[in-house]
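Here is a short briefing on one protein model. Keep the sequence and the 3D view open while reading.

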Amino acid sequence: MMFYGFIFLARNWVKDRPRLQHRLQKLAKSRHGGPMSGKRGLDSLDPMWLMIYPEGTNLSGNTRKGSARWAEKQEIKDFEHLLLPRSTGLEYCLHELKGTVDWVYDCTVAYEGIPRGAYGQDIFTLRSTYFQGRPAKSVNMYWRRFHVSSIPVPMSSDPSRQEREAFSDWLLARWKEKEMLLEGYAQNGRVPADEGHDSEGEPGVGTTKGAGFIEAEVKLTHWYEILQIFSVLGAVAAVGVTFSKLWTLLSTVLANGRH
């Protein structure tokens, strides 16, 4: 995961904040530009996606209980299809990346074949998916986008209590909308169709119409394509073996040279 740019965290904000700040500032202050781009300023911006899960983990029996305890502590209603979001990470990311990010894209994912009250991780395991041929029949996504200017992002990296509450309330409101989307899917088996309106309720530009439902089949062209998942790990292992053999050879040569 290191080679794919994952940011490893300890789930301790005191320890995670400096690490997260370092990685985010590398993106924001270097303008995402590579040294070989030959460009400067805004023209040097390379496409960048920062994916974050405000829930912090996947939905399971244990995390469901943790979310319920947190809801009771905060005196708010818990969800059925989601975990309560934690706002600190997303809030900090948006603050550190201000000026380089215009939109926040929100994706709600629903897997077909999960009974109410069950958890996807218990049904669609690696074994059932890859060795027993029982993956989810469909993966349904509902996308929205929010302009950063419409989000109450604190002005300071050390926001006031009021600023934190405003952002937390905004995020919780979005999660309530996502809960409604997933409840609708549980009842109807479909997410809402694209009606040509953006996430902030404004009509589409000009005469642009909604795309309705977009359906696509995703499958492997060749069975061996699944091995590409391990290509990076295999390459690292190969390099490691090569260096190990070279080191052994060099040590042998040096040892023989002393005799």
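Where is phenylalanine 230 found? Phenylalanine 230 sits in the loop between α6 (161–188) and α7 (231–258). The model is a predicted one. The protein comes to seven helices and two strands. Of its 259 residues, 21% are buried.

**Overall layout**
- Read from the N terminus, the elements of the protein follow the order α-α-α-β-α-α-β-α-α.
- Residues are numbered from 1 along the chain as its sequence is written.

**The nonpolar surface patch**
- Phenylalanine 230 counts as exposed because its relative accessibility is 51%, and the cut-off for exposed is over 50%.
- Phe230 belongs to a nonpolar patch on the surface.
- The patch is formed by Leu126, Tyr130, Phe131, Trp223, Tyr224, Leu227, Ile229, Phe230 and Leu233.
- Together these residues have about 1,200 Å² of accessible area.
- Helix α5 (residues 126–131) gives the most to the patch, with three residues.

**Helix α3**
- Is α3 largely enclosed or largely open? Seven of the nine residues of α3 are buried, so the helix is largely enclosed by the rest of the structure.
- The buried residues in α3 are Leu90, Glu91, Tyr92, Cys93, Leu94, His95 and Glu96.
- Cysteine 93 counts as buried because its relative accessible area is 6%, and buried means under 20%.

**The cavity**
- How many cavities of 30 Å³ or more are there? The count comes to one.
- The largest cavity has a volume of about 70 Å³.
- Its lining is made up of Trp13, Arg17, Thr88, Glu91, Tyr92, His95, Pro154, Ser156, Ser157, Pro159 and Arg164.
- The largest share comes from α3, with four residues.
- Glu91, Tyr92 and His95 line the cavity, and these residues are also buried in α3.

**Cysteines**
- The disulfide count is zero.
- Cysteine 107 has 26% relative accessibility, so it counts as partly exposed.
- Cysteine 93, in contrast, is buried, at 6% relative accessible area.

- Which residue in the segment before α1 deserves a look? Arginine 11 is placed there.
- Phi of arginine 11 is near 60°, a positive value in a residue other than glycine.
- Arginine 11 is exposed because its relative accessible area is 67%.
- Glutamate 75 also has a positive phi, of about 60°, and is not a glycine.
- Glutamate 75 lies in the loop between α2 (61–74) and α3.
- At 74% relative accessibility, glutamate 75 is exposed.

- Methionine 48 is in the loop between α1 and α2.
- Its relative accessible area is 24%, so methionine 48 is partly exposed.
- How far apart in space are methionine 48 and leucine 27? The two are 8.6 Å apart, C-alpha to C-alpha.
- In sequence, methionine 48 and leucine 27 are 21 residues apart.

Terms used. Predicted model: local features only at pLDDT ≥ 70, side-chain atom pairs only at ≥ 80, totals over all residues. Heavy atoms only, no water. Patch = residues over 30% accessible without salt bridge, like charges linked within 9 Å, V, L, I, M, F, W, Y side chains within 5 Å. Areas by Shrake-Rupley, 256 points an atom, 1.4 Å probe, with all protein chains shown as cover. Salt bridge = Lys/Arg side-chain N within 4 Å of Asp/Glu carboxyl O. Buried < 20%, exposed > 50% of the residue type's maximum accessible area, 1.4 Å probe, protein only. Disulfide = S-S within 2.5 Å. 1 Å grid on protein atoms, 1.4 Å probe; cavity = no way out; pocket = protein on both sides within 12 Å on 5 of 7 lines; lining within 4 Å. Points joined across faces, edges and corners; volume = space filled by probe spheres on them.
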